[in-house]
Every structure is written in structure tokens, then in C-alpha cells.
Amino acid sequence: MRNLESKITKLIIEYSLRDWLDLTEDVDIVIVGAGPSGLTAAKYLADKGYRIVVFERRLSFGGGIGGGGMLFHKIVVEESAKSILDDFKIRYSKTENNLYIVDAAEFMAKLATGAIDAGAKIIHGVNVEDVIYRPSPLRITGVAIQWNAVVLSGLHVDPIFIESKAVVDATGHDAEVISIAARKIPELGIVLKGEKSAHAEEGEKLVIEKTGRVIPGLYVTGMAVAALHGLPRMGPIFGGMIISGKKVADIIDQDLKSGSY
Ligand code: 48F
């Protein structure tokens, strides 16, 4: 072996490849997006023993959390999501109207830590650019991925594939995975209604209600639910996002256990 430089390189390549080889055989659920809904789903699914990978195209966690509300560094969470804050050991100030105030930095750091500590693998800098499907029965069986640096460079490079029992669209306002599937596999019959203007209370309620399975193998959580079903936006209140993440984890668990995924 040569000097430290070569050792650094060898170790990084060797240990990264071990993870990547595991991903070719050993993934139960692919979660796309490390925002609040994706990270919450990752933790609760990993807690149940599933092998989870979260692909996040940015080099950071948290999606829309970091900017708080118009860059003010706090976010709001409702009483109904308090038990999830507690599960992740996220601290808060309770206000008189049963709304909880949380530091944006703590919220995203602890959601990510909770997911990782539960056993989810999060890989940054990876863009999900397509899905894998099978026609009979019609279902989604994984994703096509590409380094986001390649996407940003504009180079024409083919993706590689990761198969899974379930794919979760946690990509936020654009519902990217679902819109790709809707466009490229018209026989799925998916119609994206697009997010509506703000109505915080209604948005929070409906985003939880409509969280779930889109078609066999493909699930939706977080703001992607609003994009799919034409629901109102709610701004920097995050109870709906994390309750939606927990709900999709429960639904996937039930589906995988009953074999109806
Ligand atoms: O946008 P994002 O935070 O989604 P979310 O979990 O939460 C929404 C809230 O942050 C906020 C809100 C709630 O009140 O309105 O906006 O629904 O996180 C989505 C993450 O997915 C990544 C993106 O970089 C972000 O971190 N992402 C999006 N598309 C892809 C992706 C893709 N194709 N491949 C990989 N990552």
C-alpha cells in the first residue's frame, strides 16, 4: 500500500461500493427526497425492520425546512404531531393555542438523525429520474437514478437502477416521481391535479387524509400529496408533513405484510 492519499481513496471506494452492492439486492423501500415527510417515513419504516434507502438530490437534509418561514428560522407544528416530535426528541415551545414552535435547524437535523439511527441509509447527490415498471400486473418496481452532478452538467449519461418492493414519492411540491410515472406510463391513468393556493387548515387536514398508495408499488407523502390531489398549500406549518410521513410508513407496512403492495 502506498501513502495516506491512496488509503483514503481505497477506503472510500471500497466502503461506498459495499453499500451500493447491498442496494442492488437488499432494498425494501426507496424513499425519494429527504424532506420532512421522507425522513419521517424513513424512520418509522426502518424502526419496523425494513431496509430503507433515501435518495436526495441535494447535499443536505430537510428539503423546505431550512428556510423556516420566509427565512425566519422557526417553524410551527400542531398538537396532533407532538408525539412525533417526542419520538425524534425534537424540542419545542408550546404556545397558548396548542401550536408548537420549533427551530428549523433542530427540526431538520433531528429528523435526519432519527431516520439514520433507526437504520435508514440516506444517500445525497442522487437524482431519481425515472421509475421501473412491470405490466402484468401493472406496478412500479423501483427507480432509475443518476448523480445529480451529472444532471446539472447536462451530460447525456444513462442511469442505473434500484429495485424495491415500494417507492415513496416524498419529493415535495412537484411530485416528481409521480409526474414522471404519469407522463411515461399513461396506462397507469394517473392525473396530477396540481397544488392549490393557501388554506393552511384545510391543507393540513387533507394532506394527511390523502396520503397513501397511488398505484401498486408507488406511494405518496408530504406536499407531493397536495400536487397529486389538488390540495391547498399550508406554508411553514409542518404537522401535516410528519403525520403524513408516519401514515405512509404504516400503510406500506400493512401492504407489505398482507402481500397486497
Ligand atoms: O420539499 P420537501 O421539503 O418535501 P416535503 O417532505 O415537505 C414540504 C415542506 O418542506 C414545505 C411545505 C410544508 O408546509 O410546504 O415545502 O413534502 O423535500 C423534498 C426533497 O426531495 C428532494 C428535494 O431536493 C427535497 O430535499 N427531491 C425532489 N425531487 C427529487 C429529489 C428527485 N427527483 N430525486 C431526488 N431528490
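How many bridges join β10 to strand β12 (residues 218-220), and do the two run parallel or antiparallel? Three bridges join β10 to β12, and the two strands run parallel.

## Basis of the model

The structure is a predicted model, in which local features need pLDDT of at least 70 and side-chain atom pairs count only at pLDDT 80 or more, whereas totals for chains, interfaces and linings use all residues. Residues are numbered from 1 along each chain as its sequence is written, and side-chain values use heavy atoms, with hydrogens and water left out.

## Strand β10 and its partners

Helices (H or I, at least four residues) and strands (E, at least two) are DSSP runs numbered from the N terminus, and two strands pair if DSSP finds at least two bridges between them. Strand β1 (residues 29-32) is joined to β10 by four bridges, and these strands run parallel; valine 32 stands opposite aspartate 169 in β10. Towards β12, the bridge partner of valine 167 is leucine 218.

Within β10 (residues 166-169), Ala166 and Val168 point one way while Val167 and Asp169 point the other way, and all are buried, where buried means under 20% relative accessible area with a 1.4 Å probe and protein chains only.

Four bridges join strand β8 (residues 139-147) to β9, and valine 143 has isoleucine 162 in β9 as its bridge partner.

## The largest pocket

A pocket is an open set of points on a 1 Å grid over the protein atoms alone, where a 1.4 Å probe fits, with protein on both sides within 12 Å along at least five of seven lines, and lining residues have an atom within 4 Å of a point. The largest pocket is lined by 33 residues, of which Gly63, Gly64, Thr171, Gly172 and His173 lie nearest its centre. β7 gives the most to this lining, with three residues.

Notes: Buried means under 20% relative accessible area, exposed over 50%, partly exposed in between (1.4 Å probe, protein chains only).
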